[in-house]
Amino acid sequence: MSEGVRGVVVAHAELAPALVAAVETISGVSGALRPVSNEGLGPDALREVIRETAGSDGTLLFVDLAGGSCAMAGLRHVRENRDAACITGVNLPMLLDFVFHRELPLDVLVARLLRKGQGGQQAHPGFSRTG
């Protein structure tokens, strides 16, 4: 059986390794996601690290911040690799779902993960701040 889509978490500072460690701890699945930090890297160096980590196809990049340096480098990678995709606004619900469903076709997987990520965002009533 194929391992399926490769997952790479690209984020600022130590966020990527922390997210990957949390997913591995919660799920018990190791090696499905690889972390990439932008710390100390310029745009070209970050793009190269993403390229080396992701490979040429079958890769889904999970990025922390839309419009940030990680997203810009990730989007350049996706433009250069026909079987790659990038999701911004990464969160634990989508990463946890990814590790158990990475055998799905990339387009189906991306749609599923967007729903899971958005479903993990909920507002809960707070207390009254009057007085």
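Begin with the surface display of the whole protein: in this predicted model, the accessible surface comes to about 7,400 Å², and 54% of that area belongs to carbon and sulfur atoms. If you then colour the charged side chains, you will find 12 positive and 14 negative ones, with the centres of the two sets lying 5 Å apart.

Taken along the principal axes, the box filled by the C-alpha atoms is roughly 55 × 35 × 25 Å. Among contacts with a separation of 6 or more, 69% are made by residues 24 or more positions apart.

Now hide the surface and look inside, where 39% of the 131 residues count as buried. Select V9, L33, L60, F62, L95, F98 and L113, which touch the most other members of the largest nonpolar core, a set of 23 residues. The elements giving two or more residues to this core are the strands β1 (6–11), β3 (59–63) and β4 (84–88), together with the helices α1 (15–27), α4 (92–101) and α5 (106–119). Apart from this core lies another one, of eleven residues, which includes I50, A54, A71 and A73.

Which residues does L33 touch, when those up to four places away in sequence are not counted? Centre the view on L33 and you will see G7, V9, V20, V23, E24, F62, L95, F98 and V99 around that residue.

Move on to M94, which is found in helix α4 and which, at 3% relative accessibility, counts as buried, since the cut-off for that class is under 20%. Leaving aside neighbours within four places in sequence, M94 is in contact with F62, I87, G89, L113, K116 and G117. For a distance to check in the viewer, pick the C-alpha atoms of M94 and A32, which are 13 Å apart in space, although the two residues are 62 residues apart in sequence.

End the tour at A13, in the loop between β1 and α1. Is A13 buried or partly exposed? With a relative accessibility of 37%, A13 counts as partly exposed. The backbone also deserves a look here, for A13 has a positive phi of about 55 degrees although it is not a glycine.

Terms used:
Residues numbered from 1 in each chain as written. Predicted model: local features only at pLDDT ≥ 70, side-chain atom pairs only at ≥ 80, totals over all residues. Heavy atoms only, no water. Buried < 20%, exposed > 50% of the residue type's maximum accessible area, 1.4 Å probe, protein only. Contact = heavy atoms within 4.5 Å. Areas by Shrake-Rupley, 256 points an atom, 1.4 Å probe, with all protein chains shown as cover. Lys, Arg positive; Asp, Glu negative; His and termini not counted. Charge placed at Lys NZ, Arg CZ, Asp CG, Glu CD. Core = buried A, V, L, I, M, F, W, Y, C linked by side-chain atoms within 4.5 Å. Helix = DSSP H or I, 4+ residues; strand = E, 2+ residues; numbered from the N terminus.
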